[in-house]
Amino acid sequence: MPAPLLRVENLSRSEAPDPIHPGPERVVVFGRVSFDLAEGEHVAVVGAPGSGAADLLRAVTRLEKPHGGRVYFEGRDITRLWGGQLRALRQRLQFVGGDPMRTLPPHYTVEQTLLE
């Protein structure tokens, strides 16, 4: 059996509490998510607004850094990539979500976004 194209292991992300209503603990956005995706396979991650579905996909594609777990793309751990390695990955692995203000870097020009 071939290795999966994408493997997500125990991925988690949390965020600081709302500054207007602060609390002592971080809020879990998603926790311990694991799945494999084979080449040619399709998957949909759906959820109500604010459920964490888009946050999960942004962490899988490294638009946001997860707080725990690992993501493997083509057998390579991409969780700790940065700089040029991360830019090279983004040329091959992309997430297109429903909200362009969260999907595209708002401080980039159109040219910068296309080059990235």
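# Briefing: salt bridges, sheet and core

Asp 77 and Arg 70 form a salt bridge, with their closest N and O atoms 3.0 Å apart. The model described here is predicted. A search of the whole structure turns up 5 salt bridges. The chain also forms an open sheet of 4 strands, and helix H1 packs on that sheet.

**The Asp 77 and Arg 70 pair**

- Asp 77 is partly exposed, because its relative accessible area is 25%, which lies between the 20% limit for buried and the 50% limit for exposed.
- Arg 70 is also partly exposed, with a relative accessible area of 29%.

**The Arg 92 and Glu 74 pair**

- Arg 92 forms a salt bridge with Glu 74, and the closest N and O atoms are 2.7 Å apart.
- This pair links distant parts of the chain, 18 residues apart.
- Arg 92 sits in the loop between helix H2 (83-90) and helix H3 (100-103).
- Glu 74 sits in the loop between E3 and strand E4 (76-77).
- Arg 92 counts as exposed, at 52% relative accessibility, because the limit for exposed is over 50%.
- Glu 74 counts as partly exposed, at 45% relative accessibility.

**The network around Glu 64**

- Side chains of opposite charge can pair when their charged atoms come close.
- Which residues are linked in a network of salt bridges? They are Arg 13, Arg 58 and Glu 64.
- Glu 64 forms a salt bridge with Arg 13, with the closest N and O atoms 2.9 Å apart.
- This pair joins distant parts of the chain: Glu 64 lies in the loop between H1 and E3, Arg 13 lies in strand E1 (residues 6-15), and the two are 51 residues apart.
- The side chain of Glu 64 also makes a polar contact of 2.9 Å with the side chain of Arg 58.
- Is Glu 64 buried or exposed? Glu 64 is buried, because its relative accessible area of 14% is under the 20% limit.
- Arg 13 is buried too, with a relative accessible area of 19%.
- Arg 58 belongs to helix H1, where it is among the buried residues.

**Helix H1**

- Why is helix H1 described as largely enclosed by the rest of the structure? Of its 8 residues (53-60), 6 are buried, so the rest of the structure largely encloses it.
- The buried residues are Ala 53, Asp 55, Leu 56, Arg 58, Ala 59 and Val 60.
- H1 touches E1, E2 and E3 of the sheet, and its direction makes about 60 degrees with that of E2.
- Just after H1, Arg 62 takes a positive phi of about 65 degrees.

**The sheet**

- The strand order is E2-E1-E3-E4, and the pairing is antiparallel.
- E2 and E4 are the edge strands, each pairing on one side only.
- E1 and E3 run antiparallel and are joined by 5 bridges.
- Ser 14, in strand E1, counts as buried at 15% relative accessibility.
- Leaving aside neighbours within four places in sequence, Ser 14 is in contact with Arg 26, Val 27, Val 28, Val 29 and His 67.

**Positive phi within strands**

- Asn 10, in strand E1, has a positive phi of about 50 degrees although it is not a glycine.
- Asn 10 is partly exposed, with a relative accessible area of 36%.
- Arg 32, in strand E2, also has a positive phi of about 50 degrees and is not a glycine.
- Arg 32 is exposed, with a relative accessible area of 64%.

**The nonpolar core**

- The largest nonpolar core holds 16 residues.
- Which of them touch the most other members? They are Leu 6, Leu 11, Val 60, Val 71, Ile 78 and Leu 89.
- E1, strand E2 (27-37), H1, E3 and H2 each supply at least two residues of this core.
- Ile 78 touches Val 60, Arg 62, Val 71, Phe 73, Leu 89 and Leu 93, not counting residues up to four places away in sequence.
- Val 60 is also one of the buried residues of H1.

Technical notes: Residues are numbered from 1 along each chain as its sequence is written. This is a predicted model: local features need pLDDT of at least 70, side-chain atom pairs count only at pLDDT 80 or more; totals for chains, interfaces and linings use all residues. Side-chain values use heavy atoms; hydrogens and water are left out. Buried means under 20% relative accessible area, exposed over 50%, partly exposed in between (1.4 Å probe, protein chains only). A polar contact is a pair of N or O atoms within 3.5 Å; within protein, one must be able to donate a hydrogen and the other to accept it, and residues adjacent in sequence count only if both atoms are side-chain atoms. A salt bridge is a side-chain nitrogen of Lys or Arg within 4 Å of a carboxyl oxygen of Asp or Glu. A nonpolar core is a set of buried Ala, Val, Leu, Ile, Met, Phe, Trp, Tyr and Cys residues joined through side-chain atoms within 4.5 Å. Contact means heavy atoms within 4.5 Å. Two strands pair if DSSP finds at least two bridges between them. Axes are lines fitted to C-alpha atoms, for helices over the stretch in contact, and angles run from 0 to 180 degrees between N-to-C directions.
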